[in-house]
Every structure is written in structure tokens, then in C-alpha cells.
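Open the model in your viewer and keep the sequence panel beside it. The stops below say what to select and what is found there.

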Amino acid sequence: RNEGGITMSGHANYAEPGKDIVCAAISVLVQNLIQSIEELTADKIQYSMQPGTVDIKFRDLSEQAQLLVSSFFVGVEMIASEYPDNVRCKH
């Protein structure tokens, strides 16, 4: 979690597009992570977001950014435990 990045791909397929609460929850978490790192830390990250794919690259994260990334994974893992057919988290 200190070097490398985070890649998310696929669709939750919990409900039809526009009504998929699982997709919305994950989307909010990832967008919040990116914005929080950019606004609350001095860390520099690179990211790209396209429908069905998010790729975040980082190196040498500060303790603050590491905490944000850990918090992101807490949220993702909570959603994955509630919706195991729709979300899988690989470390």
C-alpha cells in the first residue's frame, strides 16, 4: 500500500445502471480517496478514470496518505463483505 497503486475494474452488476447502489458506493469511495489525497496531503498521485476502470498510481506515500488509503480499503472491504457477489478485493 505504500508503493504501487490501486486498480479497480469491472462493474458491480447489482442493479441496472443509474440504480446500482453498490457501484455508487464504490465510486464515492474511490473519488473521495483521490480528492482527499490531493487536498489533504502533499503527496502526488496519478490517476485515470474511465467507465468500469480506475487506475491510481503512487509512490512513497506520507503517513497521512497511507491512512487515507487504509481507510479506503476499510470501506471497500465492508461493501465486499455485504455484497460478495458484486465486489471482490484483492491485495
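Select aspartate 60, which sits in the loop between E3 and H2. In this predicted model, its phi is near 45 degrees, a positive value in a residue other than glycine. Most residues other than glycine have a negative phi.

Next, select asparagine 13, in the loop between E1 and H1. Asparagine 13 is not a glycine either, yet has a positive phi of about 55 degrees. Is asparagine 13 buried or exposed? With a relative accessible area of 62%, asparagine 13 is exposed, because the cut-off for exposed is over 50%.

Now turn to the largest pocket, whose volume is about 1,100 Å³. Select Met8, Ser9, Gly10, Ile26 and Gly52: these lie nearest the centre of the pocket, out of 42 lining residues. To see where the lining comes from, colour strand E1 (4-9), helix H1 (21-40), strand E2 (46-50), strand E3 (53-58) and helix H2 (63-82), the elements that give it two or more residues. Sorted by class, the lining holds 19 nonpolar, 15 polar and eight charged residues.

The last stop is the largest nonpolar core. Which of its 22 residues touch the most other members? Select Ile6, Met8, Leu33, Ile56, Val69, Phe72 and Val87 to see them. Two or more residues of this core come from each of E1, H1, E3 and H2. H2 gives the most, with seven residues.

Technical notes:
Residues numbered from 1 in each chain as written. Predicted model: local features only at pLDDT ≥ 70, side-chain atom pairs only at ≥ 80, totals over all residues. Heavy atoms only, no water. 1 Å grid on protein atoms, 1.4 Å probe; cavity = no way out; pocket = protein on both sides within 12 Å on 5 of 7 lines; lining within 4 Å. Points joined across faces, edges and corners; volume = space filled by probe spheres on them. Helix = DSSP H or I, 4+ residues; strand = E, 2+ residues; numbered from the N terminus. Nonpolar A, V, L, I, M, F, W, Y, C, P; charged D, E, K, R; others polar. Buried < 20%, exposed > 50% of the residue type's maximum accessible area, 1.4 Å probe, protein only. Core = buried A, V, L, I, M, F, W, Y, C linked by side-chain atoms within 4.5 Å.
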